[in-house]
Structure formats: C-alpha cells, structure tokens
Amino acid sequence: MMGVQAVFLWTDLLLFGLVGCVALAALAARRSEPMRAAWRRVGESTVGMVSVSILALFLVVGLLDSVHYREYLAPGAGAAPDAQRVLGTEVRSGLDALAAPLRTRVEKTYSAPLSYRLFAKQTQEAADGTQQRDFPRLKFGGAHLQYPEDDHAGDVLGRIGLGLALAACAWGVFAGCLVQGVAWSRGVPVGAAWRAVWRGKGGLAWRAVLATLGVLCLILGPVLALATEYHVFGTDKVGQDVLFLTLKSIRTALVISTLTTLVTLPLAVALGIMAGYLGGWVDDVIQYLYTVLNSIPGVLLIAAAVLMMQVVIDTHPHWFETSAERADARLLALCVILGMTSWTGLCRLLRGETLKLRELEYVQAARAFGVSTARILSRHILPNLMHLVLIALVMDFSGLVLAEAVLSYVGIGVDPNTVSFGTMINAARMELAREPMVWWSLIAAFIFMFVLVLAANLFADVVRDAFDPRA
Amino acid sequence: MFAYIVRRLLYAPLILIGVNLLTFALFFVVNTPEDMARMQLGAKRVTPEAIERWKVERGYDKPLLLNAGEQGLAKLTDTIFFEKSLRMFVFDFGRADDGRDIATEIRTRMGPSLAVALPTFVLGLLVTVSLALLLVFFRGTYLDFQGVVLCVAMMSISSLFYIIGGQWLVSKVWHLVPISGYGEGVDATRFLVLPVIIGVVAGIGGSARWYRTIFLEEAGKDYVRTARAKGLSELQALFRHVLKNGMIPILTGVVVVIPSLFMGSLLTESFFGIPGLGSYTIDAINAQDFPVVRAMVFIGSVFYIVGLIFTDLSYTLVDPRVKLE
C-alpha cells in the first residue's frame with residue numbers, strides 16, 4: 001500500500017467551509033421561529049423535497065470529488081530502502097478512487113454506449129494472418145463476453161435485472177430507516193409512521209423523498225450494474241469513459257454555482273447596506289461603482305478579466321506545484337470574476353430594502369436611544385435582509401451552471417484540463433458532424449446539466465415562495 | 001423633465017470614464033505590456049529585442065500615464081493611457097492584431113448582427129407576451145399549470161442545446177436550411193431563419209414565466225375587477241387593461257437591451273457563422289486580440305448606457321404617473 005498525502009485546493013477549502021457555514025446557519029435558524037416556519041414550508045412542499053433529494057445526491061458526488069490527495073510513487077527497483085519517497089504529480093480525488101474502474105479503463109477512441117466494439121473500423125490481423133477491416137473489440141467494455149454476438153443482449157438485460165433487484169433492496173433499506181426515523185421523532189409505532197408517510201402526512205413531504213429516491217435507485221442500480229463491465233455512456237475521442245467525465249463535471253458546476261455568489265456576498269451585503277443606510281456621498285460612490293460595473297456587458301467584462309488572468313497565470317508558472325493547482329486557481333479566479341459581474345444586482349436590491357428599513361419606527365427608536373450605527377446595522381438591518389440574500393443565493397445557482405457551459409464554450413471558462421459540462425460540450429460539438437454521428441457525450445452532458453439545473457430552479461422557486469413575505 | 005434628461009445625459013460620460021479607467025486598469029496595469037508580449041510570443045525562448053519590437057509595433061512602448069521625456073502637453077498625450085484609452089471616446093480604437101482598423105470593422109459588422117438580433121428580439125417579445133397572456137387567460141386551470149412546468153423545464157435547458165439540437169434537426173436531418181453561413185441582401189434570409197427561430201425558442205421559458213407573474217399581479221388588481229364588473233369580457237379586460245399596465249415593468253427589462261442588439265449574440269453568431277460583432281468578439285477572444293476585446297467592452301457599455309436613457313424616456317411616454325423629478 002502506497003502512502004498518500006492530502007492536498008487542499010482552494011476551492012475544496014471554500015466548498016467545505018460553505019458546507020460548514022450552512023450547517024451553522026441551520027443550527028442558528030433552529031432557534032428562530034420565523035426561520036423554522038419558513039423552512040418547514042420548504043419541507044412540506046413536494047416539489048421542494050424532490051429537488052432537495054436530487055440536489056443532495058449531486059452534492060454528495062461533488063463533495064466526494066473535493067477530497068484531494070496525491071499518491072507517493074512506488075520506489076524504483078534499485079532504490080535504497082530508506083530513500084526519500086517521491087510524490088506523484090497527479091492529484092486525485094475521493095471520487096477518482098471510488099470510480100477507479102471507470103477512470104482507468106481507457107479505450108483507444110470512441111465507442112458507443114454499452115458497446116463491446118470500437119466505433120470505427122480498423123484494419124486488424126486475423127488469426128490466419130490475413131488482414132481485414134472490422135470493428136475491433138474493446139479492451140475493457142464487454143471484455144468478459146466470450147461470444148459477444150450471441151451473449152451481448154442477454155448479458156446487458158441480465159445486468160439490468162440484477163441492478164433493478166439491488167435498487168429495490170437499497171430502496172427498501174432506506175425507506176425502512178426513514179420511516180423508523182419518522183416514527184422516533186413523532187413518538188408513534190412504526191406501522192403508524194408507515195401509514196402516515198404513505199398518506200403524505202408524515203410531517204415533511206417524506207413520500208416525495210421516497211418516490212424520488214425510488215426513481216433514482218431504479219436508474220442508478222442498472223447503471224452501476226452495467227458500469228462494472230461496460231461503458232454506460234460510451235467513450236469519448238481519447239477513450240475516456242463518458243459517465244466518469246459527467247460525474248467529474250458535477251464538482252465544477254457546484255463550485256462555480258455556489259462559490260461565485262459566496263465570494264462576493266460580503267462585498268454586496270456590506271456595500272448595499274452602507275449605501276442604503278448612510279446615504280450621502282457614500283451612497284453616491286457605491287452607486288457609481290455598481291453602475292459602471294453594470295454598464296459593461298457581462299460576457300465582455302468576464303472575457304476581458306479572464307484573458308488578463310490567463311496572462312497572470314501563464315507568466316507565473318512557479319506559483320503552482322501541480323497542474324491541478326493551476327486549474328484550481330483558474331477555477332477560483334473565474335468564480336471571483338463571475339461574482340464581480342453579478343454582485344451589483346444583489347447590492348442594488350439590498351440598498352433599496354435598507355432605504356425602506358431605515359425609516360421604520362424600530363430603527364428610528366434605536367437611533368433615538370443612541371445605539372451606535374454599527375450595532376443598528378448588525379442587529380436591526382442585517383437580520384431583516386437575510387431572506388433576500390438567501391433568495392439571491394439560490395436563484396443565482398442555476399443560472400451560473402448554465403453560464404459556465406457557455407463561457408467554457410467561448411473559451412473564457414474553466415481551464416481546458418478541468419472536466420466540466422462546458423468543456424465536454426465544447427469537445428463534443430464537432431462530433432455531430434461525423435458520419436455516423438457521435439452523440440453520447442453531448443447527450444450525457446446535457447442530461448446531467450438539465451437535471452441539475454431543473455432541480456435547482458424548482459428548489460429556488462420553493463425557497464422564494466417560503467421566504468419572500470410578498471409571495 | 002428636461003432637466004432630468006440633461007442630468008442623465010451628463011451622467012453618461014461620467015460612467016463611460018469609469019468604464020474607460022476600468023478597462024485601462026484591466027489591460028495595462030494588471031499585466032504590463034511586457035507580460036502580454038511574452039505570452040503572445042510564447043513564454044519561453046523570447047528575446048528582449050522581440051518583446052521590444054512587439055511593443056513598438058503596437059505602440060505599447062510608451063509610458064503608462066506620464067511621459068517625462070516629452071515637452072508640454074505631449075507629456076500627457078504621448079502615453080499609453082491617452083493613445084489607447086482616451087482615444088476610444090472619439091471611437092478611434094486603433095488597429096487589431098491583424099492590422100485592420102477596428103472602427104471600420106465594427107461598422108461593417110453591425111449590419112449582420114442587427115439582421116439576426118432585431119427579428120429575434122421583436123418576434124421573441126411578441127411570442128412571449130402572447131404566451132404569457134394566454135397563460136393568464138387560463139389561470140388556475142390545468143393548462144396554466146402545465147404551461148408553467150413547461151416554462152421551467154425550457155429555462156433549465158442550456159442555450160447550447162437549443163442551438164446544437166436545432167442545427168442538427170433542421171439542417172442536418174431535415175435539410176431545410178443551410179447549417180451556417182451568411183449571404184448578401186435577400187439571400188441572407190435563408191441563413192437567418194434558423195438562428196432567429198432558435199433565439200426565440202431559447203428565450204421563451206424564462207421570459208414567458210416572468211411576464212406571466214407580472215400580468216397575474218396586474219390582473220388581480222381592483223381596477224381590473226371593476227372593468228369586469230362593468231361587463232367587459234375577460235379578453236377585453238386582458239388586452240385593454242392588463243396588457244397595457246403590465247407593459248410598464250416589462251419595458252424596464254426590454255428597452256435597455258434594444259441598443260445592445262447591435263452587439264449581437266456571441267453564441268448564435270459563432271455557431272451560425274454570421275459575420276457580426278458577436279463572432280468578431282469570440283474570434284478576438286480566441287486569438288487573444290486585446291485591442292479588439294478592449295474596444296468591444298467600451299462599445300458595449302456605450303450601447304448599454306444609451307439603453308438606460310431610452311428606458312427612462314420610455315417611462316415618461318407610457319406611464320403618465322412618472323414625472324421624473
């Protein structure tokens with residue numbers, strides 16, 4: 001067993017920091033009655049719980065992919081036993097380790113989903129020494145089949161059946177745990193809890209969670225069972241498994257869509273509140289600042305900033321030890337740049353709301369009592385703006401996932417070596433012109449993106465309805 | 001009202017100065033011209049002479065802000081800031097890396113951009129407003145619910161998918177129109193049909209849902225109920241009252257983009273090979289042609305500011321309550 005050394009990339013730290021912050025905020029929200037009521041409305045909504053379940057699954061994959069480490073290289077044959085161990089340059093993640101079979105089984109080039117042969121004919125030497133053009137067998141996909149022409153369909157169907165059976169078991173175990181939990185928390189017998197959940201009266205919308213997980217299990221089970229021997233979504237130009245690439249893309253999408261708002265949130269909140277509450281020249285300066293930023297079309301500002309950042313990164317190669325660190329720096333910089341172009345909307349919103357709040361009686365009373373400005377802002381203004389911040393955070397999420405794909409297509413997105421939906425689509429768009437067409441990597445990227453964005457959009461709607469007092 | 005417009009017009013150059021300073025900082029202060037030269041010439045094995053030649057060719061060999069070696073006014077004018085940044089105010093953008101004049105290029109490319117963007121904009125507005133009105137007419141019914149679900153699903157699909165899928169289906173499978181390209185005069189229409197349709201379809205989801213919310217809010221107001229009580233049919237109430245008053249918030253979002261239509265759409269133009277400003281920008285980004293990107297940033301903000309002023313003006317036209325104090 002070779003040793004490993006943990007690697008902490010900036011985006012990893014921020015992502016886990018964000019998860020920690022959310023946990024802390026959840027603890028704090030438990031003590032506040034209005035917050036609890038609002039979250040309960042989210043939990044009672046079927047759509048809310050369905051989208052939360054799907055997002056949670058994406059989050060698990062993303063977080064797994066955010067635990068990075070580097071392996072020590074195996075010592076060479078002639079090396080002294082006490083020689084310094086050398087770190088490999090490749091940075092791997094928890095997901096890489098879990099999905100190692102997917103990562104390592106690289107074919108020569110394109111192969112269709114579930115296929116056991118390459119996509120293009122190649123000249124190969126038959127057993128009798130003659131040369132013939134045929135579709136060669138894949139090195140890994142379906143390699144266990146002895147007579148693929150006869151056994152392929154049966155094997156695939158068998159695996160799907162096995163996967164469905166496994167999925168049913170997994171779902172049963174999960175449903176049992178969930179109902180047990182409901183029974184405990186409400187202090188009722190398990191049978192009664194089953195009936196309550198079944199009728200949709202288990203407190204939160206547990207039935208929706210069970211249904212969603214049921215559907216997900218039915219999809220994931222067969223996929224897992226097939227993935228052990230086949231390339232479920234085929235392979236791309238250099239023979240990488242497309243399913244693995246889409247799983248890797250999830251992290252990039254999550255990082256961009258959460259960190260972007262996060263890194264500029266303090267700026268937007270601080271400036272927005274200051275402009276609204278202090279007024280005068282502070283207000284003028286801040287308004288001028290965001291009007292200037294706002295008046296540059298977003299894509300162009302991002303393009304200019306990304307081009308410049310690229311020059312900085314390229315002229316300082318010594319800053320980064322591994323290529324993963326360089327790609328990570330670019331990803332983080334992209335988040336900051338995207339944030340810089342999008343904080344203005346939230347800032348303006350918070351300024352307007354603060355203008356309204358500062359005229360309310362309780363704020364005027366606080367001022368009359370001589371409470372300091374800083375204290376008024378933190379005790380009376382900020383808590384009453386948090387719902388707007390939360391709504392902005394979830395509303396921005398889906399748009400940023402879509403934006404990443406477009407920016408990466410234009411060439412101002414993530415590092416070309418970072419796997420993301422955008423880079424996948426960019427690499428695959430030329431394949432449509434091939435005859436016959438290579439459609440699977442495009443479709444896989446679009447389906448994953450669609451599910452993620454749809455879940456995020458639905459969740460954002462539910463959160464907005466629950467938290468917006470006007471709704 | 002007149003004073004207000006004058007004030008807005010005076011504020012516009014102020015914002016443009018801000019934009020100008022920002023682009024100057026981005027392009028010349030964050031990275032020195034040396035850095036850019038080294039990157040464009042290839043990071044390794046580049047001689048100081050080559051860098052110097054690169055800078056002289058592009059006029060980057062001057063001091064940034066203050067030329068101490070010159071006399072009088074030339075101290076300020078013979079600098080990168082004056083030559084490259086301030087000159088943009090008279091729409092003198094200098095030359096692109098391939099030696100062509102950027103201002104001429106922008107003028108010739110505005111036409112094709114507009115030819116795609118204008119029909120997309122007008123058709124898109126018509127379609128989405130009618131769809132939103134339709135949903136509001138059937139509000140509370142199954143059709144309304146289905147429509148909203150469809151809208152959310154449509155806005156969750158990447159615009160790349162609409163373009164790639166549309167090109168594949170219409171051009172490759174059905175062979176109805178050419179996949180990409182552009183022609184002169186009437187010939188251009190056959191190249192424009194697909195991008196325009198795709199542009200409209202891609203925009204339906206988000207806009208129709210948003211307009212529906214606006215119209216719904218308006219349709220619940222007292223004056224609409226009064227109109228119905230007077231005996232107006234639902235359709236009349238919708239078109240005479242809800243549509244008119246609902247257009248006010250819609251105008252805010254819509255008028256501001258009209259001048260930006262010249263800029264075209266990056267994605268559409270690059271996928272369909274339309275020689276407009278959008279594809280010009282993408283090519284410049286891919287070729288790392290900094291002068292062109294800088295010029296487009298400036299032009300883009302000029303259009304945006306013009307759009308803001310239009311928005312203010314249009315308010316006074318449609319809403320007599322707005323006095324613009």
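Analyst: Helices (H or I, at least four residues) and strands (E, at least two) are runs taken from DSSP and numbered from the N terminus. The model is a predicted one, in which local features need pLDDT of at least 70 and side-chain atom pairs count only at pLDDT 80 or more, while totals for chains, interfaces and linings use all residues. Residues are numbered from 1 along each chain as its sequence is written, and chains are lettered from A and ligands numbered from 1 in the order in which they are written.

Let's look at chain B. Residues 148-170 of chain B are 87% helix and 0% strand, with their end C-alpha atoms 27 Å apart. For residues 114-136 of chain B the figures are 100% helix and 0% strand, and 32 Å between the end C-alpha atoms. Both spans are among those that an unreviewed UniProt entry lists for chain B as "transmembrane region", along with 9-30, 190-211, 248-272 and 292-318. UniProt positions are in the numbering used here, feature names are shortened, and annotations may be inferred rather than shown by experiment.

Chain B is assigned domain 1 (2-90) and domain 2 (110-318), with bounds that come from an automatic or database domain assignment. Their C-alpha centres are 36 Å apart. Where they meet, 12 residues of domain 1 of chain B and 11 residues of domain 2 of chain B take part; contact here requires C-beta atoms, placed from the backbone, within 7 Å. On the domain 1 side, helix H1 (2-29) and helix H2 (33-40) of chain B each give at least two residues. H1(B) has the largest share, with 9 residues. By type, that side has 8 nonpolar, 3 polar and 1 charged residues. Ala, Val, Leu, Ile, Met, Phe, Trp, Tyr, Cys and Pro count as nonpolar, Asp, Glu, Lys and Arg as charged, and the others, Gly among them, as polar.

Now for the cores. A nonpolar core is a set of buried Ala, Val, Leu, Ile, Met, Phe, Trp, Tyr and Cys residues joined through C-beta atoms within 7 Å; buried means that 20 or more other C-beta atoms lie within 10 Å of the residue's own. The largest core has 175 residues, and B:Val293 is one of those touching the most other members, together with A:Ile302, A:Ala303 and A:Ala304. Domain 1 and domain 2 of chain B each contribute at least three residues to this core. A second, separate core holds 14 residues, including B:Val129, B:Met155, B:Ala208 and B:Val242.

Conventions
Two residues are in contact if their C-beta atoms, placed from the backbone, lie within 7 Å. A residue is buried if 20 or more other C-beta atoms lie within 10 Å of its own, exposed if 12 or fewer, and partly exposed in between; C-beta atoms are placed from the backbone.
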